[in-house]
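Try each task first, then follow the solution step by step.

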Amino acid sequence: RRRGSGDCLHLLDCKLEAPFITMKAINIERALWHTRRHFGHTGAEQFSFPVGSARAWLSDTNVPPERLSLSNARRVVVKVGTAVVSNPDGTLALSRLGALVEQIKELNQGGRQVMLVSSGAVGLGRLRLGLAKDVVANPANVIDRQACAAAGQGILMSTYDTLFQRLNMTCAQVLITQSDFLSRERYSYLTDTLERLMSLGVTPIINENDVVTGCSELDTHRVFSDNDKLSALVAAGSDADGLALLTDVDAVFTKPPGDPGAERIKIWDRQSAVVIGEHSPMGRGGMASKISAARISALGGVHTVVASGYDLQNITKIFAGNDVGTLFPAAARPNKRQRWLTFATVNQGKIRVTQAVKESLTGYGASKGLPVSAVLSVEGTFDSRSVIAIEDEEGVEFARGMVQLSSESLADKSAVDQLAVNPHDYVILEAF
């Protein structure tokens, strides 16, 4: 048995059983007995251990096992939609915004770093400019929507800044475009900037820059279509531990909550079946968008919960490990390059390869990359360093990678001795 000097929680018992050493976690009650002996109380209820520490994990005796990671999340993202930050008439829901900022302060005081993804700018701008809701909601009316975003973004941010200052906190505006994800360099600068802001104790408030994006005619390669997916990409790209997607319903239900027989889905899995109803009239997302974003975030290694944003206490409950909303358990976290290739890029073209190369790329052991000689066909026009889909002989996409040559060079086989894709510039999609 190993015992640290003055340490009240002995984490492991070791027993030598030749030829192996087996280790097992000691009983939690015994650990808490040592806590009472040193601190005079049970620890779990009256003594707060650092978030994410081994002692915090052991003291969370009332937290369901599947939510322990949320209760010990050190870096979290909170996403609030238009229906949460605004009233039905389009005005700001000041009481909810104030409660939201107070919840963020409580998370900070608990040792957590928080990023906030907030919608609402277009709705606020529409009210300020005196435009009708149905006019702005028309997908063909892009310019009016961008004008509303320009007018509303300042209103939304000034409100947040005032609330944060009243609680002696600092926030920073981060506006993101589609191109910030398509370019790996800009993607890295974005995540590095978020990292630096949080290290300075600043809460980033993130939103899509709808003034210059949101037009399908201009954004032909769209990485995200709304702030739900944006929050998932930010959470996965910034190594967040937890994401709270706050919406206008209590959780993901098997059918719209008002329908007879609707049941809350506590933990999402691949067998979960949902009947999707109408989405909120004030935002672009809906339950289908929430589910898609939550799955992306979970596959990126982030524990995600979809819950109601009308009760702002849900933020504290989610990151205390309480059974609220619908949990999307996190998969094993891919590395940063894999996350970028898988979730934050759009294919510029396609190449089809031989079965032997597919087996080489997907098999165990170090791959030697994808040689030009193994390319059977090329589809689309793209430059070198573009992200493309890699298909097998039957046309099924099984990988995504960054090519070293243009589509013209690949098609005419002018560089037959070179690699089309380097060993570390691809990701196998089946793994996700």
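**Exercise 1. Two residues with positive phi**

In which loop is the place of D239? Once you have found D239, look at its phi and its accessibility, then do likewise for R385.

*Solution.* Keep in mind that this is a predicted model.

Step 1: D239 sits in the loop that links α11 and β7.

Step 2: Its phi is near 60°, which is positive although D239 is not a glycine. Most residues other than glycine have a negative phi.

Step 3: The relative accessibility of D239 is 35%, so D239 counts as partly exposed.

Step 4: Move on to R385, found in the loop between β12 and β13. R385 is another non-glycine residue with a positive phi, near 70°. With a relative accessible area of 45%, R385 is partly exposed.

**Exercise 2. The six-stranded sheet**

Work out the strand order of the open sheet of 6 strands, and find which strands stand at the edges.

*Solution.* Strands of a sheet pair through backbone hydrogen bonds, either parallel or antiparallel.

Step 1: Reading across the sheet, the order is β11-β15-β14-β13-β10-β12, and the pairing is mixed.

Step 2: The edges belong to β11 (370-371) and β12 (375-379); each has a single partner strand, so one side of each has no neighbour in the sheet.

Step 3: Now look at one face for helix α14 (residues 336-343), which packs on the sheet and touches β13 (387-391), β14 (397-403) and β15 (419-428). The directions of α14 and β15 make an angle of about 90°.

Step 4: Check the pairs. β10 (residues 350-353) and β12 run antiparallel and are joined by 4 bridges, with V353 opposite V375 of β12. β10 also pairs with β13, in the parallel sense, over 3 bridges; there K350 has A389 as its bridge partner.

**Exercise 3. Two helix pairs**

Describe how α11 and α14 cross, then how α5 and α8 cross.

*Solution.* Step 1: The axes of α11 and α14 come within 10 Å, crossing at roughly 160°. Angles over 145 degrees count as roughly antiparallel, and α11 and α14 are therefore roughly antiparallel to each other. Their crossing is left-handed.

Step 1: At this contact, K229, L233, A236 and G237 of α11 meet K336, R339 and F343 of α14.

Step 2: Helix α5 (residues 94-109) and helix α8 (residues 142-166) also have axes that come within 10 Å, with a crossing angle of roughly 50°. They are therefore oblique to each other, and the crossing is right-handed.

Step 3: Here L94, L97, G98, L100, V101 and I104 of α5 make contact with T159, Y160, L163 and F164 of α8.

**Exercise 4. Inside the protein**

Which members of the largest nonpolar core touch the most other members?

*Solution.* In soluble globular proteins, nonpolar side chains tend to be buried together.

Step 1: The largest nonpolar core has 42 residues, and I176, F181, L194, I206, V252 and F328 touch the most other members.

Step 2: Setting aside neighbours within four places in sequence, the contacts of F328 include V252, W268, I291 and A294.

Step 3: Another core, of 35 residues, lies apart from it, and among its members are V78, L97, M157 and V324.

Step 4: The C-alpha atoms of C171 and M157 are separated by 9.2 Å.

Key:
Residues are numbered from 1 along each chain as its sequence is written. This is a predicted model: local features need pLDDT of at least 70, side-chain atom pairs count only at pLDDT 80 or more; totals for chains, interfaces and linings use all residues. Side-chain values use heavy atoms; hydrogens and water are left out. Two strands pair if DSSP finds at least two bridges between them. Contact means heavy atoms within 4.5 Å. Axes are lines fitted to C-alpha atoms, for helices over the stretch in contact, and angles run from 0 to 180 degrees between N-to-C directions. A nonpolar core is a set of buried Ala, Val, Leu, Ile, Met, Phe, Trp, Tyr and Cys residues joined through side-chain atoms within 4.5 Å. Buried means under 20% relative accessible area, exposed over 50%, partly exposed in between (1.4 Å probe, protein chains only). Angles under 35 degrees count as roughly parallel, over 145 as roughly antiparallel, 65 to 115 as roughly perpendicular and the rest as oblique. A crossing is left-handed if the near helix is turned anticlockwise from the far one by less than a right angle, and right-handed if clockwise.
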